[in-house]
Amino acid sequence: MKILLIKPPLDLFDFEVASIVPPLGLAYIAAFLEKNGYNVKILDSVAEAPKREKVKDNLYHWGLSYEEINKFIEKEEPDIVGIGCLFSSQFRNSMVVAKHAKENGCCVVVGGTHASANPQQLLGSENIDFVVIGEGEEAMLGLAKALEKKGDVKDIDGLAYKNGGKIHTNPKTRYV
């Protein structure tokens, strides 16, 4: 099973500057999954292309274009795409990345601060299959194992998902 973790590009106002900070949350998850035998890659959209392009008025897009991200997903052919949605201001960018991943046939998982606070909002999208609440290491490992074995996800701590058109949220009870 191939897993791709993506830090989406940023949309910032002209007075803001994108800082290139390693996506530590994604790195922790990747290391944990690799330790358990999974093939994992990280795509840091901002670090890969620290450029800015004007979107409109005083709003700028920092990082890879959505087309470049889509090409990367197509090339890698991951089974699971995990997207870090840390800030509510970057929700739209995460949703665009999720759409591209879903169009490429990937299972789409979103985590991060915004996702943990708003799992129902994210699961309202047809492009998102799962939301990880809180730390993602154990939940992502449990999810990867369940998907691999076509098993049940109802007991994965801190995982929100859709089943039969309804949103289910497994409470977060264990912390790393």
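Does Phe130 count as buried or exposed, and at what relative accessibility? Phe130 counts as buried, at 10% relative accessibility. The structure discussed in this report is a predicted model.

## Strand β8: Phe130 and Val132

Phe130 is found in strand β8, which covers residues 130–132 and also holds Val132. With residues up to four places away in sequence set aside, Phe130 touches Cys107, Val108, Val109, Val110, Leu123, Leu143, Leu147, Val153, Leu159, Ala160 and Tyr161.

Val132 is buried because its relative accessible area of 4% falls under the 20% cut-off. Beyond its neighbours within four places in sequence, the contacts of Val132 are with Val109, Val110, Gly111, Gly112, Ala115, Ser116, Ala139, Met140, Gly158 and Leu159. Val132 and Glu67 are 65 residues apart in sequence, and 26 Å separates their C-alpha atoms in space.

## Helix α7 and its surroundings

Helix α7 comprises residues 137–148. This helix has 12 residues and reaches 17 Å between its first and last C-alpha atoms, close to the 16 Å expected at 1.5 Å a residue. Its buried residues are Glu137, Ala139, Met140, Leu141, Leu143, Ala144 and Ala146. These buried residues pack against β1 (2–7), α1, β6, β7 (107–111), β8 and β9 (159–163).

Glu137 lies in helix α7 and is buried, with a relative accessible area of 14%. Glu137 and Tyr175 are 38 residues apart in sequence, and their C-alpha atoms are 10.0 Å apart in space. After α7 comes Lys150, whose phi is positive, near 55 degrees.

## The crossing of α1 and α7

Helix α1 consists of residues 24–35, and its axis comes within 9 Å of the axis of α7, with a crossing angle of roughly 45 degrees. The two helices are therefore oblique to each other, as this angle lies between the 35 degrees under which helices count as roughly parallel and the 65 degrees at which roughly perpendicular begins. The crossing of α1 and α7 is right-handed.

On the α1 side, Tyr28, Ile29, Phe32 and Leu33 meet Glu137, Glu138, Met140 and Leu141 of α7. By class, the residues of this contact divide into 6 nonpolar, no polar and 2 charged. An α-helix has 3.6 residues a turn, so residues three or four places apart point the same way.

Helix α4 runs over residues 91–103 and has 13 residues, which at 1.5 Å a residue should span 18 Å. Its end C-alpha atoms are 18 Å apart, in agreement with that expectation. Buried in α4 are Phe91, Asn93, Ser94, Met95, Val96, Val97, Ala98, His100 and Ala101. Just after this helix, Gly105 takes a positive phi of about 80 degrees.

The axes of α4 and helix α3 (residues 66–76) come within 9 Å and cross at roughly 40 degrees. The pair α3 and α4 is therefore oblique, and the crossing is right-handed. The contact is made by Tyr66, Ile69, Asn70 and Ile73 of α3, together with Arg92, Asn93, Val96, Val97, His100 and Ala101 of α4. By class, it has 6 nonpolar, 3 polar and 1 charged residues.

## Positive phi in two loops

Where is a positive phi found in a residue that is not a glycine? Asp57 has such a value, of about 35 degrees. Asp57 is found in the loop between β4 (52–56) and β5 (59–62). With a relative accessible area of 63%, Asp57 is exposed, because this value is over 50%.

Glu77, another residue other than glycine, has a positive phi near 50 degrees. Glu77 lies in the loop between α3 and β6 (80–84). At 59% relative accessibility, Glu77 counts as exposed.

Definitions and conventions:
Residues numbered from 1 in each chain as written. Predicted model: local features only at pLDDT ≥ 70, side-chain atom pairs only at ≥ 80, totals over all residues. Heavy atoms only, no water. Helix = DSSP H or I, 4+ residues; strand = E, 2+ residues; numbered from the N terminus. Buried < 20%, exposed > 50% of the residue type's maximum accessible area, 1.4 Å probe, protein only. Contact = heavy atoms within 4.5 Å. Expected span 1.5 Å × (residues − 1). Axes fitted to C-alpha atoms, helices over the stretch in contact; angles between N-to-C directions. Parallel < 35°, antiparallel > 145°, perpendicular 65-115°, else oblique. Left-handed = near helix turned anticlockwise from the far one by under 90°. Nonpolar A, V, L, I, M, F, W, Y, C, P; charged D, E, K, R; others polar.
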